Amino acid sequence: MKLNSKRTVLIGLAFMSICMFWQMYDGVIPLILKETFHLGDGVAGVIMALDNVIALFLLPLLGSFSDKCHTKIGRRMPFIIGGTAAAVLLMTFIPMMDNLYADNPQKQYLVIFIICLGLLLIAMGTYRSPAVALMPDVTPKPLRSKANAVINLMGAVGGIIYLILTSILYSNARTEGLTHVNYQPLFVIVASCMVAAVVILFVTIKEPKLAAECDAYEAAHPEDNLEVVDEATGESVIPKEVKRSLGFILASITLWFVGYNAVTTSFTKYAAEKWDMALGTASVCLTIAMAAAIISYIPIGELSSRIGRKKTILIGVAVLAGNFLLGTVMTFVLKGFSPILYVIFCLIGMAWAAISVNSLPMVVEMCKDSDVGKFTGYYYTFSMAAQIVTPIISGLLLQYVGYWTLFPYGAFFVALSFVTMLQVKHGDNKPKLPKDKLEMLDVED
């Protein structure tokens, strides 16, 4: 049994377009709020948090809706196409209102901007869960960690494309001396990339056919199925012990996101405060972590197929917590920048790859095939909830206790996730390895 890498890359196009959009959203919208509309950091922070709040409720809801959707083009494809179309349409109004307000500051432009931004966030939320659920729909359970590694890599490609675009369109030479920066070209190019990605996805991936093939495989391999038949109703249900494992892995997801997100969000100001590091030098540490994660995705997927998802996650959690503890030590040892920090963040990136590649496949492994979208939504609900709460809690600690608390805070919650992860007893598939090593390089048509 081999992963169809070519097909998985095509499936990952939807996630690539989503990641490209969010890179632009996180990079550009705060600048527009501050430099054009002159909103304070508090108000801007509330607006920037709306995406996580909306996602908290919308992702499981729309994931569940897509589970129940049956059309000629599949369960997920209508949401992917419709959500992308709505998002691209709404995206045109964002830079338009920005430019109009810059030329003629009137309140109605700000109001329209906020309304369009809210609708845009809803549009993006309508298809994130269905887009991610498409992979497990058409991928046999034992191969989902490998496939998720490819999907994560495609998401990273989307982010890289955006960064290249911004470095070309908005270099210092191009923006120096401008009283207002026009982001319309960037929005147009990103929207065009999103449309192109979804068109290619729709043309090349025949969801109903591939889903039927995957269902046939699952039916032929009942040993991979965690469902049981309720004797009273005759319906397939998830056993209590599997639900218990689901609860523990969702708790683990929350805990490691609480720890990891706190460190990555506050590191630049932490580095400036404790080590007198400039923004550029501190950002290099985060870039190294991201690069290490990207490079690690495919090897981690292969490792997971050999030793299992749970062991791979536990190794990642242990390495992540250990490096956060090492960061704590460095806080009291270092007086300024040291290359040791590059090594620490390289290991942090690799550890995070080990966790992120395997956690979603373990979650969807525990659900009925008809609930993949809903469970994908659960994954994002718990991860988003952590990302809403942790900046507030860690920020209060930084302000009222001291900046030294950042790395211990991260280490504590990540270490807790190791404990909860030990209680997870399901969702860990170990496919048989091919006899011929060269077989792993083969790609099906």
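Buried, as I use the word, means under 20% relative accessible area, exposed means over 50%, and partly exposed is in between, with a 1.4 Å probe and protein chains only. This is a predicted model, so local features need pLDDT of at least 70 and side-chain atom pairs count only at pLDDT 80 or more, while totals for chains, interfaces and linings use all residues. Residues are numbered from 1 along each chain as its sequence is written, and side-chain values use heavy atoms, with hydrogens and water left out.

Let me start with the aromatic rings. Rings of Phe, Tyr and Trp (its six-membered ring) pair if their centres lie within 6.5 Å; planes under 30 degrees apart count as stacked, over 60 as edge-to-face, and the rest as tilted. By that rule there are 18 aromatic pairs. One of them is Phe324 with Phe407, a tilted pair at 6.1 Å centre to centre, with 55 degrees between the planes. This pair links distant parts of the chain, 83 residues apart: Phe324 is in helix α13 (residues 309-333) and Phe407 in helix α16 (residues 406-422). Helices here are DSSP runs (H or I, at least four residues), numbered from the N terminus. Phe324 is buried at 0% relative accessibility, and Phe407 is buried at 1%.

Tyr379 and Tyr380 make an edge-to-face pair, 5.2 Å centre to centre and 85 degrees between the planes. Is Tyr379 buried or exposed? Tyr379 is buried, because its relative accessible area is 8%. Tyr380 also counts as buried, at 8%.

Phe324 and Phe407 come up again in one aromatic cluster, together with Phe267, Tyr270, Trp275 and Phe345.

Next, the salt bridges. Side chains of opposite charge can pair when their charged atoms come close. The cut-off is a side-chain nitrogen of Lys or Arg within 4 Å of a carboxyl oxygen of Asp or Glu. That gives eight salt bridges. In one of them, Asp137 meets Arg76 at 2.5 Å, N to O. Asp137 lies in helix α6 (residues 107-138) and Arg76 in the loop between α3 (41-68) and α4 (77-91), so the pair ties together parts that are 61 residues apart in sequence. Asp137 is buried at 7% relative accessible area, and Arg76 is buried at 0%.

Which residue forms a salt bridge with Glu213? The partner is Lys209, with the closest N and O atoms 2.9 Å apart. Glu213 and Lys209 both lie in helix α10 (residues 207-220), four residues apart, about one turn of the helix. Glu213 is partly exposed, at 39% relative accessibility.

Glu302 and Arg306 form another salt bridge, where the closest N and O atoms are 4.0 Å apart. Both residues are in helix α12 (residues 279-307), four residues apart, again about one turn. Glu302 counts as partly exposed at 23%, as does Arg306 at 38%.

Last, a residue in helix α2 (residues 13-36): Ser17. Ser17 is buried, with a relative accessible area of 0%. Leaving out residues up to four places away in sequence, Ser17 touches Tyr127, Met194 and Ala197, where contact means heavy atoms within 4.5 Å.

Notes:
Helices (H or I, at least four residues) and strands (E, at least two) are DSSP runs, numbered from the N terminus.
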